[in-house]
Amino acid sequence: MSAAEVSQPLTLNDPSEFRPEVRDASKFRDFRIHNVPEHVVNTYDLMHTNQTLDFVKGRMEYWGRLDHAELTIMDALEKLNGLVDESDPDIDLPNSFHAFQTAEGIRKNHPDKEWLQVTGLIHDVGKLMALWGEPQWCVVGDTFPVGCRPDPSIVFGVESFSKNPDMKDPKLNTRLGIYEENCGLDKVYMSWGHDEYLYRVLLANTHSLPEEALYIIRFHSFYPWHTSNAYTYLCNNKDEEMLTWVREFNQFDLYTKAPDLPDVDSLHDYYEGLLKKYVPGKLRW
């Protein structure tokens, strides 16, 4: 599906030409129960019920085999033309357009940081799992640590975890759970989703992205941490240093969402060049 099939595209040879609709920041991420579509509520209900420590370990083992496909990043992005994120209350466009919106927002503000532009382009590519049969409740949406008590800042609050079996396990339903104070996020099991999947795909394939990019990719949906300052007791000094980059990225991930679509065809060659530099060739997925 091309941009023209979704909406009349803009002509975007220069990112400064991209003028998405300006929206009040308070209008984004409004998860009040009466203000969101039913499918968003259902997605989070299933997520908070089923994302247990054992489930996450199982998904890590299954998807960690990387035996589903061999694709370039650009091929993967094109496949996302067929995916609309069921957890997103802000926009219901194919995910591929959000990728270019994010990347172009970054290019306009950080023209010298090619690695960050690439990160913006690829950050959601892990959502391919939904096209390969994984239900969206373990692909999209905000992420959170499993193996310990959920923080009240998580979307829809701790009451939404009432059906989660881990909450009945005294080893898993405390503040620290299976973790130690300031153990570092590299030792924390995150709820399974596209963030964790793409992070592990990159670790297993050839790329030249910096560590900052890997942090952004793994934790860009970890809103309780980067937006609500939750779970800082699990973080070490490295996590705190990287938080600045995750927060910088978040403003482009969130506030570039708009119904005005970039002309993807006009941007293809520029980003193809960056991908050959930072994430070349076919990756194992």
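Q: Is Thr43 buried or exposed in this predicted model?
A: The structure is a predicted model. Thr43 sits in helix α2, which covers residues 38-50. A residue counts as buried under 20% relative accessible area. Thr43 has 4% relative accessibility, so Thr43 is buried.

Q: How many Å separate the C-alpha atoms of Thr43 and Gln136?
A: Along the sequence, Thr43 and Gln136 are 93 residues apart. In space, the C-alpha to C-alpha distance of Thr43 and Gln136 is 7.0 Å.

Q: What pattern of helices and strands does the chain follow?
A: The chain holds 12 helices and two strands. Read along the sequence, the pattern of these elements is α-α-α-β-α-α-α-α-α-α-α-α-α-β.

Q: What percentage of the contacts in the chain with a separation of 6 or more comes from residues 24 or more positions apart?
A: The chain has 285 residues, and buried residues make up 54% of them. Of the contacts with a separation of 6 or more, residues 24 or more positions apart account for 80%.

Q: Are helices α6 and α9 roughly parallel or roughly antiparallel?
A: Helix α6 spans residues 114-122 and helix α9 spans residues 211-219, and their axes come within 10 Å. The axes cross at roughly 20 degrees. Angles under 35 degrees count as roughly parallel. The arrangement of α6 and α9 is therefore roughly parallel.

Q: Which residues of α9 take part in the contact with α6?
A: Helix α6 passes α9 in a right-handed crossing. On the α6 side, the contact is made by Trp115, Leu116, Thr119 and Ile122. The residues of this contact divide into six nonpolar, one polar and one charged. On the α9 side, the residues are Glu212, Ala213, Ile216 and Ile217.

Q: Which residues of α9 are buried?
A: Seven of the nine residues of α9 are buried, so α9 is largely enclosed by the rest of the structure. The buried residues of α9 are Ala213, Leu214, Tyr215, Ile216, Ile217, Arg218 and Phe219.

Q: Is α6 roughly parallel or roughly perpendicular to α12?
A: Helix α12 covers residues 264-278, and its axis comes within 10 Å of the axis of α6. The two axes cross at roughly 105 degrees. Angles of 65 to 115 degrees count as roughly perpendicular. The arrangement of α6 and α12 is therefore roughly perpendicular.

Q: Which residues of α12 meet α6?
A: From α6, the residues involved are Glu114, Trp115, Gln117, Val118, Leu121 and Ile122. By class, the contact of α6 with α12 has nine nonpolar, one polar and two charged residues. The residues of α12 are Tyr270, Tyr271, Leu274, Leu275, Lys277 and Tyr278.

Q: Is the ring pair of Phe55 and Trp137 stacked or tilted?
A: The whole structure has 17 aromatic pairs. In the pair of Phe55 and Trp137, the ring centres are 5.2 Å apart and the planes stand at 35 degrees, so the pair is tilted.

Q: How many residues apart in sequence are the parts that the pair of Phe55 and Trp137 ties together?
A: Phe55 is partly exposed at a relative accessible area of 21%, whereas Trp137 is buried at 16%. Phe55 lies in helix α3 (residues 53-63) and Trp137 in the loop between α7 and α8, so the pair ties together parts whose separation in residues is 82.

Q: Which residues do ring pairs link into a cluster?
A: The structure has 17 aromatic pairs. Ring pairs join several aromatic residues into a cluster, and its members are Tyr62, Trp63, Trp132, Trp192, Tyr197 and Trp285.

Q: What is the phi of Asn182?
A: Most residues other than glycine have a negative phi. Asn182 is in the loop between α7 and α8 and counts as partly exposed at 42% relative accessibility. Asn182 is not a glycine, yet its phi is positive, at about 55 degrees.

Q: Is Tyr231 buried or exposed?
A: Tyr231 lies in the loop between α10 and α11. Its phi is near 60 degrees, a positive value in a residue other than glycine. With a relative accessible area of 1%, Tyr231 is buried.

Q: Leaving aside neighbours within four places in sequence, which residues is Ala230 in contact with?
A: Ala230 is also found in the loop between α10 and α11, and at 5% relative accessibility Ala230 counts as buried. The C-alpha atoms of Ala230 and Pro152, 78 residues apart along the chain, are separated by 8.8 Å. Beyond its neighbours within four places in sequence, the contacts of Ala230 are Asp151, Ser153, Pro224 and Trp225.

Key:
Residues numbered from 1 in each chain as written. Predicted model: local features only at pLDDT ≥ 70, side-chain atom pairs only at ≥ 80, totals over all residues. Heavy atoms only, no water. Axes fitted to C-alpha atoms, helices over the stretch in contact; angles between N-to-C directions. Helix = DSSP H or I, 4+ residues; strand = E, 2+ residues; numbered from the N terminus. Parallel < 35°, antiparallel > 145°, perpendicular 65-115°, else oblique. Left-handed = near helix turned anticlockwise from the far one by under 90°. Contact = heavy atoms within 4.5 Å. Nonpolar A, V, L, I, M, F, W, Y, C, P; charged D, E, K, R; others polar. Phe/Tyr/Trp six-rings, centres within 6.5 Å; stacked < 30°, edge-to-face > 60°. Buried < 20%, exposed > 50% of the residue type's maximum accessible area, 1.4 Å probe, protein only.
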